[in-house]
Amino acid sequence: DHEGQVLRGERKLIYSTRNFIGRSAAIRDVLNLVEKVAKTSSSVILFGETGTGKELLAGAIHYNSPRAKNAFVRVNCATLPETLIESELFGHERGAFTGAEKLRIGRFEQGNGGTVFLDEITDVSLQTQAKLLRVLQEHELERLGSNRTLRVDVRIVAATNKDLTREIAEGRFREDLYYRLNVMSIKIPPLREREGDLELLANFFLRKYSSDLGKKVNRIDPAALRLLESPS
């Protein structure tokens, strides 16, 4: 409908790579790669420390892709207990387990035709990883408590702040799932590796919060800026 089209248009504008703050070579390289990756339907892994903007870049991939008119579904795997994550991702039938009082549509069904962003994917168990692999390979799943197979068409963008090769070597992450996800990979640099971007970001937040709080703060003291930019 018209309201949905307007909302999708606003989100595409928000997630436009032109709106990302940064002029360093490191972040421009990332944004150029995001624009190229967005045009494909490949699975993507985003590597980066906490706070480097993985969710924003996942949104940029979705809203600048042919799937932009469909859902962008976000799942933070780190915040979901293992007892709930399979139900959250794949859904469940009424009565599938104690407390399952009604049907639940999982995140992959919600994201059918669109993109599912799995943040901190290393936090899911090996059992759940096997089910994720099936979604990637066969585009199929079953809700908990059901033997009816459902077809889903989703693009998966995953993210982690961990070293996946170490996770695989130590038996915490499936190697076959890694290779299915790692069709394209993007490493997001931390701010300390983005020369010149700290000042841009500091001034952006200064303007934003001065406006939000009704304060007249015009600039950051150069000494304070030097302190922020100090490596120690």
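## Predicted model: turns, packing and rings

Glu120 lies in the loop that runs between strand S3 (115-119) and helix H6, where helices (H or I, at least four residues) and strands (E, at least two) are DSSP runs numbered from the N terminus. The model is a predicted one, in which local features need pLDDT of at least 70 and side-chain atom pairs count only at pLDDT 80 or more, while totals for chains, interfaces and linings use all residues. Residues are numbered from 1 along each chain as its sequence is written, and side-chain values use heavy atoms, with hydrogens and water left out.

**The chain as a whole**

- The chain has 10 helices and seven strands, and its C-alpha trace spans about 65 × 50 × 35 Å along the principal axes.
- Of the 232 residues in the chain, 41% are buried, a term for under 20% relative accessible area, with exposed meaning over 50% and partly exposed in between (1.4 Å probe, protein chains only).
- Among contacts (heavy atoms within 4.5 Å) between residues at least 6 apart in sequence, 72% join residues at least 24 apart.
- Helix H3 (residues 54-63) is mostly covered, with eight of its 10 residues buried; these are Lys54, Leu57, Ala58, Gly59, Ala60, Ile61, His62 and Tyr63.

**Residues with positive phi**

- Most residues other than glycine have a negative phi.
- Glu120, although not a glycine, has a positive phi of about 55 degrees, and its relative accessible area of 11% makes it buried.
- His139, likewise not a glycine, has a positive phi of about 60 degrees; His139 is found in the loop between H6 and strand S4 (140-141) and, at 31% relative accessibility, counts as partly exposed.

**Packing of H4 on H6**

- Helix H4 (residues 82-90) and helix H6 (residues 126-138) pack at an angle of about 10 degrees, with their axes 10 Å apart; the axes are lines fitted to C-alpha atoms, for helices over the stretch in contact, and angles run from 0 to 180 degrees between N-to-C directions.
- H4 and H6 are therefore roughly parallel to each other, given that angles under 35 degrees count as roughly parallel, over 145 as roughly antiparallel, 65 to 115 as roughly perpendicular and the rest as oblique.
- On the H4 side the contact is made by Glu82, Ile85, Glu86, Leu89 and Phe90, which meet Gln127, Thr128, Lys131, Leu132 and Val135 in H6.
- By class, this contact of H4 with H6 has five nonpolar, two polar and three charged residues, where Ala, Val, Leu, Ile, Met, Phe, Trp, Tyr, Cys and Pro count as nonpolar, Asp, Glu, Lys and Arg as charged, and the others, Gly among them, as polar.

**Aromatic rings**

- The structure holds six aromatic pairs, meaning rings of Phe, Tyr and Trp (its six-membered ring) with centres within 6.5 Å; planes under 30 degrees apart count as stacked, over 60 as edge-to-face and the rest as tilted.
- Phe90 and Phe108 form a stacked pair, 5.7 Å centre to centre and with 25 degrees between the planes; Phe90 lies in helix H4 and Phe108 in helix H5 (residues 107-110), so the pair ties together parts that are 18 residues apart in sequence.
- Phe90 is buried at a relative accessible area of 2%, and Phe108 also counts as buried, at 0%.
- The ring centres of Phe205 and Tyr209 lie 6.1 Å apart with their planes at 15 degrees, so this pair is stacked; being four residues apart in helix H9 (residues 197-213), Phe205 and Tyr209 are separated by about one helical turn.
- Phe205 counts as partly exposed at 38% relative accessibility, and Tyr209 is partly exposed at 44%.
- The charged end of Lys208 sits over the ring of Tyr209, 5.4 Å from its centre, the criterion being NZ of Lys or CZ of Arg within 6 Å of the ring centre and within 35 degrees of the ring normal.
- Tyr63, Phe72 and Phe117 are linked into a cluster by ring pairs.

**Two arginines in loops**

- Arg174 has its place in the loop between helix H7 (164-169) and helix H8 (175-181) and, at 28% relative accessibility, counts as partly exposed.
- Leaving aside neighbours within four places in sequence, Arg174 is in contact with Leu126, Gln129, Ala130, Leu133 and Ile168.
- Arg194 is found in the loop between strand S7 (184-187) and H9, and it counts as buried at 9% relative accessibility.
- Not counting residues up to four places away in sequence, Arg194 touches Ile21, Gly22, Ser24, Ala26, Ile27, Pro189 and Leu201.
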